[in-house]
Amino acid sequence: MSALPTPAPARTKTPRLAAIVSVTAAIALPLGLFCVILFATPLLQPALLDGFIRERLHRDPATWYWRDGVYTVALLVLAFVFANFAAIFSGILSWWERRVAGRIQSRIGPNRAGVGGFLVWIADAVKLILKEDLVPAEADQMLFRAAPYFVMVGFILTFVVLPFGESIAVSDMNVGLFFITSITALVVVGILLSGWSSNSKWALFGGMRSAAQVVSYEIPAGLAIMVPVLMAGTLSMQGIIRAQGGLPWQWFIFRNPAAFALFFIFFTSQLAEANRTPFDLPEAESELVAGYLSEYSGFRFALFFLVEWGNLWTMSAIAVTIFLGGWQIPFVPNELYAQLKGTGFPPLAWWGLEAASMLVFAAKTMVLVNVVVWLRWTLPRIRVDQMMSLCWKYLVPVSFACFLFTLLWQIAVAAVPALETAMGVGLTAVSVVLAVLFARQTHRNITAIGDRVDLSNW
């Protein structure tokens with residue numbers, strides 16, 4: 001009998017519908033989220049709501065009985081918008097990090113669900129929601145169930161004062177920076193509760209590590225954020241941005257040599273507080289299985305990782321706000337926004353300027369997000385003693401020294417205003433030279449091993 005001919009291997013193609021859906025989702029989801037935030041946030045502010053009540057409903061906002069109800073509905077709508085932004089953007093960042101990790105490790109990464117594997121984060125979300133929610137028999141039932149929600153609330157509430165644009169913030173509190181540093185303590189409470197309530201030694205070790213880590217690195221981070229406060233003279237997030245400018249030498253990071261050093265200290269402290277590599281010791285799988293979340297499954301397990309990836313945006317956005325000029329557009333003065341807005345409904349030119357400020361803020365934030373991802377898949381995890389030594393022996397003393405230097409620097413700048421401008425231009429030029437040298441060395445390292453940048457299969 002003659003052997004049957006071997007059929008030619010079939011060429012695999014992405015179904016046209018899946019390709020259309022994934023490409024549309026990849027473009028429409030981020031764009032739609034930012035558009036909703038752009039229009040909903042300014043329109044639901046008390047000033048415009050009062051104008052609507054007065055002009056459209058012909059009521060006096062000061063005496064109208066239902067005004068508080070309108071304010072409550074507006075707050076609920078904004079809470080829904082930003083909570084969805086946090087959840088959806090966390091999923092998108094999880095896909096992006098896995099793709100970047102694949103390229104760094106000479107792998108492809110997720111590539112099955114949709115074009116480039118973009119729909120994999122939706123598949124993961126559906127899978128985790130449908131998975132069985134297991135609670136260990138010896139765990140504290142109530143605290144075990146509540147712990148992920150402490151973490152989630154501490155993460156979501158940062159969006160209350162986080163500015164996305166010139167007028168795109170839920171609330172411009174005069175103590176906004178203090179609010180953020182305070183509310184993030186709920187994340188520590190949630191991690192501690194999850195570790196203790198699990199009644200597992202591995203989870204408990206992870207929770208204790210996280211508590212020690214966060215409490216320690218809060219000190220250099222707190223000292224670092226005080227320097228922009230001293231330079232701006234306010235704790236308001238929007239006020240700190242308005243005290244800067246759109247050009248690089250007008251950012252706080254370059255106007256003060258201490259701020260230049262403290263930016264890196266603050267960024268390092270944020271990585272440690274967010275349990276990001278190389279500081280991911282609370283969930284170190286090599287010795288703690290998965291740390292504080294070892295006993296979690298299903299939806300509650302997903303909440304912990306939603307917060308971890310969502311923190312990529314929040315930590316980067318805070319750093320951009322206080323050190324890198326926030327939403328400031330080059331050559332656009334702050335007074336122009338108020339002139340274009342007027343007193344009634346904002347004109348189209350004002351909306352265009354707001355969209356541009358939001359684009360600038362998002363672009364700066366995404367650059368730092370990619371740096372965080374890059375660091376995770378480049379640096380190895382350090383030991384616990386190394387982590388604590390770095391904080392207490394180096395970051396804390398340097399932060400104190402930079403804080404004291406800033407006090408003297410502000411006195412010098414008050415006497416000689418040109419000193420700050422000269423320092424800004426000089427540090428900007430040095431940073432550009434260092435960036436060029438780093439890029440050249442990176443290119444040499446890649447070519448030396450015969451590798452090349454290959455994006456053909458993205």
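**Salt bridges, a helix pair and a patch**

Let me start with a charged pair: Asp124 and Arg98 form a salt bridge, and their closest N and O atoms are 2.9 Å apart. Asp124 sits in helix α4 and Arg98 in helix α3, which covers residues 67-104, so this bridge ties together parts that are 26 residues apart in sequence. Please keep in mind that this is a predicted model.

Asp124 has 22% relative accessibility, so Asp124 counts as partly exposed. Arg98, at 27%, is also partly exposed.

In general, side chains of opposite charge can pair when their charged atoms come close. How many salt bridges are there here? The count is twelve. I will take two others from that set.

The next one is between Arg242 and Asp172, with 4.0 Å from N to O. Arg242 belongs to helix α9, residues 237-242, while Asp172 is in the loop between α5 (141-156) and α6 (176-183), so the pair links parts that are 70 residues apart in sequence. Arg242 has a relative accessibility of 31% and is therefore partly exposed. Asp172 is partly exposed as well, at 44%.

The last one is Glu308 with Arg276, where the closest N and O atoms are 3.8 Å apart. Glu308 lies in helix α13, and Arg276 lies in the loop between α11 (257-273) and α12 (285-288), so here the parts tied together are 32 residues apart in sequence. Which side of the cut-off do these two fall on, buried or exposed? Glu308 is buried, with a relative accessible area of 7%. Arg276 is buried too, with a relative accessible area of 1%. This pair also belongs to a network: salt bridges with shared partners join Glu97, Arg276, Glu308 and Arg376.

Now to the helices. Two packed helices are described by the angle between their axes and the distance between the axes. For helix α8 (residues 201-232) and helix α16 (residues 384-415), the angle is about 15° and the axes are 9 Å apart. Angles under 35 degrees count as roughly parallel, so α8 is roughly parallel to α16. What is the handedness of the crossing of α8 and α16? That crossing is left-handed.

Next, the surface. Six residues form a nonpolar patch there: Ile122, Val126, Ile129, Leu130, Tyr149 and Phe299. Together they have about 570 Å² of accessible area. Which helix gives the most to the patch? Helix α4, residues 120-130, does, with four residues.

Phe299 comes from another part of the chain, helix α13, which spans residues 298-323. With 39% relative accessibility, Phe299 counts as partly exposed. Helix α13 is also where Glu308 lies, and Glu308 is buried.

One more residue before I stop. Phe39 is in helix α1, residues 16-43, and is partly exposed, with 41% relative accessibility. Between Phe39 and Leu93 there are 23 Å in space, C-alpha to C-alpha, and the two are 54 residues apart in sequence.

That is what I wanted to show.

Conventions
Residues are numbered from 1 along each chain as its sequence is written. This is a predicted model: local features need pLDDT of at least 70, side-chain atom pairs count only at pLDDT 80 or more; totals for chains, interfaces and linings use all residues. Side-chain values use heavy atoms; hydrogens and water are left out. Patches are made of residues with over 30% relative accessible area and no salt bridge: like charges are joined within 9 Å, nonpolar side chains (Val, Leu, Ile, Met, Phe, Trp, Tyr) within 5 Å. Accessible areas come from the Shrake-Rupley method with a 1.4 Å probe; for residues, only the protein chains shown count as cover. A salt bridge is a side-chain nitrogen of Lys or Arg within 4 Å of a carboxyl oxygen of Asp or Glu. Helices (H or I, at least four residues) and strands (E, at least two) are DSSP runs, numbered from the N terminus. Buried means under 20% relative accessible area, exposed over 50%, partly exposed in between (1.4 Å probe, protein chains only). Axes are lines fitted to C-alpha atoms, for helices over the stretch in contact, and angles run from 0 to 180 degrees between N-to-C directions. Angles under 35 degrees count as roughly parallel, over 145 as roughly antiparallel, 65 to 115 as roughly perpendicular and the rest as oblique. A crossing is left-handed if the near helix is turned anticlockwise from the far one by less than a right angle, and right-handed if clockwise.
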